[in-house]
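Welcome, and take a moment to turn the model around before reading on. The report below walks through its parts one by one.

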Amino acid sequence: VSVESRHRLVYPTYKMGNISVIVSSLCFIMQDAFDVLAEHFEFNENKGHCLAFMRASSVLKSLSYTIRNYRDLEGLACLGPQTKAVIQVIRHCCVIFISCSQLYFLFTSIFGVGLKTAEKWYRKGLRSLDEVKADTSLRFTKMQKAGLLYYDDIISSVSWEEAKAVGQIVKDACRRFDPDAAVVITGGFRRGKEFGHDVDFIITTPENGKEVGLLQKVLSELTYQLLYHRPHSFSHPYSIAQVCSESPTNLMSMDHFEKCFAILKLKKELVSSKQSEKDINGKDWKAIRVDLVIPPMNCYAFALLGWSGSRQFERDLRRYANVEKKMLLDNHGLYDKTTFLSAKTEEDIFAHLGLEYLDPSERNA
Ligand code: DCP
Ligand code: MG
């Protein structure tokens, strides 16, 4: 078996005309393998292995040079025994890494469908969205019904222009109740990404406590645009041990703030580049996934930091706080043993941790 055909087997979708292309692709092959394995272990709830592979993938992504041979990997941080073993497998065998989540991706790409449900449907023999829709034995949640209804819009990514237009709608709705409300787009867009899968917002009021009830008011203002919404509020008191985790597994477990996962209708005329666009059915709007999070002002900086991501950056920052500083960092605050270290801005939080401030655009780990 030639090197080329062996690598074709390893990664059939890459077009590799010659060996130098294969060699310069090594990094991507390993990165993908690590991502797949991280997902696999996340699915199987093996947090240790999952984090090990996520970190290894992140290290490879952050390299400023190209990995040309296996020696280039020596001495790299975060490449532990598990990841080295995988590198050896890639080096010596013909292996195709496919995670369950790749098999189930068609289903997990539906808003409201997680890996467990996707697995259930897959095991039932379902293989397409049409089959899922036609299966009368399935009981869909409201979220999944909305996910199926607006599927095509939701899987097409949101552009920065669209995010800004949604931002204006949300800002107008908030400011009708409190002209001083802070409304900030967070997540990938705050890190400078041009496209995302949703638009994340942190909304608060200058006075602590005034944010209570704001979410309901804003949602009632958005009735024309609101295609789906699921508000969450926590009735039980917040406890550090409950929430504080280096790697929250989902958006719900990230914090106890009032929040809402919604789908908004965005008129194309509000997005300058799409003003005259209509689809074949004459539809002149697009369904956009939006997350609204309402922390009180005294948690604002922590919530902003936590929701700005990236996920890996957040994990590493919390881990640094924990391991190096013996502090606990989450979306509500920073705790030095039992003392709450207050912060008005993200800069204050970095300073408490003894770190140089990083602009959101530098947090794309
Ligand atoms: N987040 C986290 N841990 C999770 C989920 C999310 O720390 N388990 C944080 C980091 C994310 C932010 O919340 O950046 C927003 O979540 P998204 O899933 O919307 O992620 P992004 O906005 O970064 O990416 P996308 O462009 O796909 O929306
Ligand atoms: Mg996002």
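Two strands count as paired here if DSSP finds at least two bridges between them. With that in mind, an open sheet of 5 strands can be followed in the order E2-E4-E7-E6-E5, with mixed pairing. Strand E2 (182-185) and strand E5 (226-232) stand at its edges with a single partner strand each, so one side of each has no neighbour in the sheet. From one strand to the next, the twist averages 20°.

**Confidence and domains**

Please keep in mind that this is a predicted model. The mean pLDDT of the protein is 83, and 83% of its residues reach 70 or more. Residues 1-24 have a pLDDT below 50, and this stretch has 25 contacts in the model beyond near neighbours in sequence. Where pLDDT is low, the predicted coordinates should not be read in detail. The model scores are ipTM 0.97 and pTM 0.80.

The protein is divided into domain 1 (3-92), domain 2 (104-141), domain 3 (155-242 + 250-298) and domain 4 (307-362). Between the C-alpha centres of domain 2 and domain 3 there are 27 Å.

Which residue in E7 is the bridge partner of Cys-260? The partner is Leu-292.

Helices pack here too. Helix H11 (residues 160-175) touches E2, strand E4 (199-204), E6 and E7. Helix H15 (residues 300-308) lies across E2, E4 and E7. The table gives the helix directions, together with that of H16, which packs on the other sheet described below.

| Helix | Strand | Angle between directions |
|---|---|---|
| H11 | E2 | about 165° |
| H15 | E4 | about 175° |
| H16 | E8 | about 160° |

**The nonpolar cores**

The largest nonpolar core has 57 residues, and Val-166, Val-199, Phe-201, Ile-288, Leu-292 and Ala-303 touch the most other members. Elements that each supply at least two residues of this core include H11, E4, helix H13 (214-221), E6, E7 and H15, as well as helix H16 (311-323) and strand E8 (327-329). To see one member in its setting, look at Ile-288: leaving aside neighbours within four places in sequence, its contacts include Val-158, Glu-162, Val-166, Val-199 and Ile-263. A second, separate core of 16 residues has Phe-34, Leu-37, Ala-52 and Met-54 among its members.

**The sheet of 3 strands**

Another open sheet has 3 strands in the order E8-E9-E10, with antiparallel pairing. Its edge strands are E8 and strand E10 (339-341), each pairing on one side only. The twist here averages 25° from one strand to the next. E8 and strand E9 (residues 334-336) pair over 3 bridges, and Met-327 stands opposite Asp-336 in E9. Helix H16 packs on this sheet, touching E8 and E9.

**Two loops worth a look**

Most residues other than glycine have a negative phi, and most peptide bonds are trans. Gly-309 and Ser-310 are joined by a cis peptide bond, with omega about 0°. Ser-310 sits in the loop between H15 and H16.

The loop between H16 and E8 holds Lys-326, whose phi is near 55°, a positive value in a residue other than glycine. Is Lys-326 buried or exposed? Lys-326 has 9 other C-beta atoms within 10 Å, so this residue is exposed, the cut-off being 12 or fewer.

Methods:
Residues numbered from 1 in each chain as written. Chains lettered and ligands numbered in written order. Predicted model: local features only at pLDDT ≥ 70, side-chain atom pairs only at ≥ 80, totals over all residues. Domains from an automatic or database assignment. pLDDT = per-residue confidence, 0-100. Contact = placed C-beta atoms within 7 Å. Helix = DSSP H or I, 4+ residues; strand = E, 2+ residues; numbered from the N terminus. Axes fitted to C-alpha atoms, helices over the stretch in contact; angles between N-to-C directions. Core = buried A, V, L, I, M, F, W, Y, C linked by C-beta atoms within 7 Å. Buried ≥ 20, exposed ≤ 12 C-beta atoms within 10 Å, placed from the backbone.
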